[in-house]
Amino acid sequence: MPRNSRENQKSHTNIYHVILRSINQQEIFYDNIDRSKFLSCLKVTKEKYQYDLYAYILMNNHVHLLIMDKEDKLSKVMQSLATSYAMYFNKKYNRIGHVFYNRFKSKYVESLPHFLNIVRYIHFNCEKAMMCEFDKFYWSSYHEFFRSATLVDSTKLLKMIEMNQNEFKFFHEEYRRIKGFEKDNFEMEETILDDGLAIQRIKEILKIDNLVDIQNFNNKKRDEIIWKIAKIEGIRKNQIARILGVSERLIYRAVEKNKN
């Protein structure tokens, strides 16, 4: 799903590979009714925000999407999608709290070869995870290219890549033959938090208001806290040092000490 500011990471093509992950790697789809509901939520956001959807797959604890964000509203799209599904999920399973991890990950797609590989990679995610063969997996967009598409803009995609349905099918089957899906990895690199978000996450996790107080803790308690902070996704060690007002050497030492 991208830190610093999303303004600084806009795609020139407006096409993004998005991953929406569950919190704590928990399952987000317990049955096919859940999966159908997620696709319904996806359809609603697509109609509301007018984006193009080129590929998707629903895995057990995360979702891949390939989106053309024509209106530069990707954050609103994903917030709306995650919120609407989380409300359904929490109500159905009588639970409270987050369903999806903090924030989605996204990476822009700038070239046609990259675009093609992402489409194929998304469809092969189930096979890579040894769930089933890609062309037998119902909960991906692959089948929409061979029947009346309900969600995916399949006609636009085939026109963009200058393939017909048979060529598109061969393009995927060839990938299996060379076992490319075992080598390719288009999962996003760790998201980077800016200082403002990092401070917010630290305060939430530690349940404290003044981070300067950490400097006054005894060494053992301080190092344990630094270890907790270092495990926050997207935070960097030099960033922790800057935020807490301590040396980078102290951060690295605390992390190494608690790692063992």
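Biologist: In this predicted model, over how many bridges do S1 and S4 pair?

Modeller: S1 and S4 run antiparallel to each other. Tyrosine 16 has tyrosine 108 as its bridge partner in S4. The count of bridges between S1 and S4 is four.

Biologist: Which residue of S3 is the bridge partner of tyrosine 16?

Modeller: S1, residues 15-21, also pairs with S3 in the antiparallel sense, over seven bridges. In S3, the partner of tyrosine 16 is isoleucine 67.

Biologist: What is the order of the strands in the open sheet?

Modeller: S2 (residues 52-58) is joined to S3 by six bridges and runs antiparallel to it. S1 pairs with S3 and with S4. The sheet has four strands with antiparallel pairing, in the order S2-S3-S1-S4.

Biologist: Which strands stand at the edges of the sheet?

Modeller: An edge strand here has a single partner strand, so one of its sides is left without a neighbour in the sheet. From one strand to the next, the twist averages 15°. The edge strands are S2 and S4.

Biologist: How many residues of S3 are buried?

Modeller: Side chains in a regular strand alternate between the two faces of the sheet. In S3, His62, His64, Leu66 and Met68 point one way, while Val63, Leu65 and Ile67 point the other way, and all are buried. S3 is therefore largely enclosed by the rest of the structure, and its buried residues number seven of the seven.

Biologist: Which helix lies across S1, S2 and S3?

Modeller: H2, residues 74-92, lies across S1, S3 and S4 and runs at about 30° to S1. The helix across S1, S2 and S3 spans residues 32-49 and runs at about 165° to S2; it is H1.

Biologist: At what angle do H3 and H5 pack?

Modeller: The axes of H3 (residues 112-123) and H5 (residues 154-161) are 11 Å apart. The two helices are oblique to each other, and H3 passes H5 in a left-handed crossing. Their packing angle is about 135°.

Biologist: Which residues of H5 meet H3?

Modeller: H3 brings Leu112, Phe115, Leu116 and Val119 to this contact. The contact residues divide into seven nonpolar, no polar and no charged. Those from H5 are Leu157, Met160 and Ile161.

Definitions and conventions
Residues numbered from 1 in each chain as written. Predicted model: local features only at pLDDT ≥ 70, side-chain atom pairs only at ≥ 80, totals over all residues. Heavy atoms only, no water. Axes fitted to C-alpha atoms, helices over the stretch in contact; angles between N-to-C directions. Parallel < 35°, antiparallel > 145°, perpendicular 65-115°, else oblique. Left-handed = near helix turned anticlockwise from the far one by under 90°. Contact = heavy atoms within 4.5 Å. Nonpolar A, V, L, I, M, F, W, Y, C, P; charged D, E, K, R; others polar. Buried < 20%, exposed > 50% of the residue type's maximum accessible area, 1.4 Å probe, protein only. Pairing = 2+ DSSP bridges.
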